[in-house]
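Please look over the sequence and the model first.

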Amino acid sequence: MEIDEYFLKEAPAYIYHYTSMDGLKNILKTHSLWFSEYSFLNDYSERIALYQKLFKTIYYDNELSDWMRNDFKIDIEGVDVPLINILRERISSDEQRYFPYHYFICSFSNDPDNLHLWSSYTKSNDLTGYSIAFQYFYLSRFMAAQAKKHRCFFSTGDIHYDLDAGCNELVNIIREQHAEWEKSDEKGKEHISRELIKFLDLRCLYYKNACFSIENEVRFILIMDDSVFKESLKLDENTKDLFAIKIREKKQMFIPYVEFGFSYDKDLYPAPFDEYNTFTEENYKDFSRLLISEIKVSPTLNNLKAINSINYLLDKYDYIVDDLTTSDIPLDY
């Protein structure tokens, strides 16, 4: 099974998805998570922050900038485009050209009880937020298998918040690729050019400004090449080998997203995760327990009622969850 965990410092036991009441109900009802197209995420500087620092560093490095301007080019629709031009466009959130891949993101946290994240879903006293604990190992591998089946790629990793360190790392990688490029034939040079820009695009999605470090974010990223994206955008519903890209309305915009299912699928796992095969297609509850271990309610005055209400939801949609708890953070009202 192909899964890119290059950007993961250490595989966690659990990751936590924060959501609203409607979000929790939809997740349990549809057995799916929504992956939104990256440019519509809440952080305006998504991917741009590290690219801005990288472009500035390279621009003032005569050797690298001359190479990227005059020699290092990528064939895009029959036109040789200098890599320096592509990097220049990456520092603007409005530019959408020269993207060989499209990225859909679902965000989690390493923190199960985060006041900053609760505040996103409890902006008034009548709103409640929820933290869903997923077992990282099972969820990541199940989604990686789905991505492969649907002709896509899957990547996961921690968000990093040190842009200087990220920039230094990428500059060193570019220098290494420059040395390889110098020794390669034309076919090898074209391969290095394409692989490098794809690597930079993905790597920059794992860096954010330090002000967001309180979120302690982990990301799942679904990656579609341009041809699959164009096919998927035209679909009304899923086929066997493609995700259907759906559109939702939010903040006066139309946002592309993918529903990434996590219900048991015998086509993905004829013999499911555990070596003893202790659960079957007919026993979905055992499968759901492997994925969702806990649901935590944001700080609230009505702890018992909040827990009871989730029990109704779990019974309705046929889940068993080991722990239902409320936040340990004192309620401030």
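## Basis of the model

This is a predicted model, in which local features need pLDDT of at least 70 and side-chain atom pairs count only at pLDDT 80 or more, while totals for chains, interfaces and linings use all residues. Residues are numbered from 1 along each chain as its sequence is written, and side-chain values use heavy atoms, with hydrogens and water left out.

## The chain as a whole

The protein chain has 11 helices and 13 strands. Both are DSSP runs numbered from the N terminus: helices are H or I with at least four residues, and strands are E with at least two. Of the 333 residues in the protein chain, 50% are buried. Buried means under 20% relative accessible area, exposed means over 50%, and partly exposed lies in between, with a 1.4 Å probe and protein chains only.

Contact means heavy atoms within 4.5 Å. Among contacts between residues at least 6 apart in sequence, 78% join residues at least 24 apart.

Helix 3 covers residues 62-70, and its buried residues are Leu64, Ser65, Trp67 and Met68. Seen down the helix axis, these buried residues fall within an arc of 160 degrees, so they line one face of helix 3. The arc is that of the directions from the helix axis to the C-beta atoms. The face turned away from the buried side of helix 3 carries the exposed residues Asn62 and Glu63. The cover over the buried residues of helix 3 includes helix 2 (48-59), strand 5 (79-82), helix 4 (83-90) and helix 7 (163-183).

## Helix 8

Helix 8 runs over residues 186-204, and at 1.5 Å a residue its 19 residues should span 27 Å; the end C-alpha atoms are 27 Å apart, which agrees. The expected span is 1.5 Å times one less than the number of residues. The buried residues of helix 8 include Gly188, Ile192, Leu196, Leu200 and Cys204.

At the start of helix 8, a side-chain oxygen of Asp185 comes within 3.3 Å of the backbone nitrogen of Lys187. Lys189, which is buried, lies over the face of Trp181 at 4.4 Å from the ring centre. A charge sits over a ring if NZ of Lys or CZ of Arg is within 6 Å of the ring centre and within 35 degrees of the ring normal.

## Aromatic rings

The structure holds 17 aromatic pairs. The rings of Tyr136 and Phe220 have centres 6.1 Å apart and planes at 65 degrees, so this pair is edge-to-face. Rings of Phe, Tyr and Trp (its six-membered ring) pair if their centres lie within 6.5 Å; planes under 30 degrees apart count as stacked, over 60 as edge-to-face and the rest as tilted.

Tyr136 lies in helix 6 (residues 136-149) and Phe220 in strand 9 (residues 217-225), so the pair ties together parts 84 residues apart in sequence. Both Tyr136 and Phe220 are buried. They belong to one aromatic cluster, whose members also include Phe35, Phe108 and Phe262.

## Two buried loop residues

Tyr161 lies in the loop between strand 8 (153-158) and helix 7, and at 16% relative accessibility Tyr161 counts as buried. Beyond its neighbours within four places in sequence, Tyr161 is in contact with residues including Lys208, Phe212 and Glu217. The side chain of Tyr161 reaches the backbone nitrogen of Glu217 at 3.1 Å. Lys208 in turn lies over the face of Phe212, at 4.6 Å from the ring centre.

Ser298 lies in the loop between strand 12 (292-297) and helix 11 (303-316). Ser298 counts as buried at 1% relative accessibility. Ser298 and Tyr18 are 280 residues apart in sequence and 9.6 Å apart in space, C-alpha to C-alpha.

Conventions: Polar contact = N/O pair within 3.5 Å; in protein donor to acceptor, adjacent residues only side chain to side chain.
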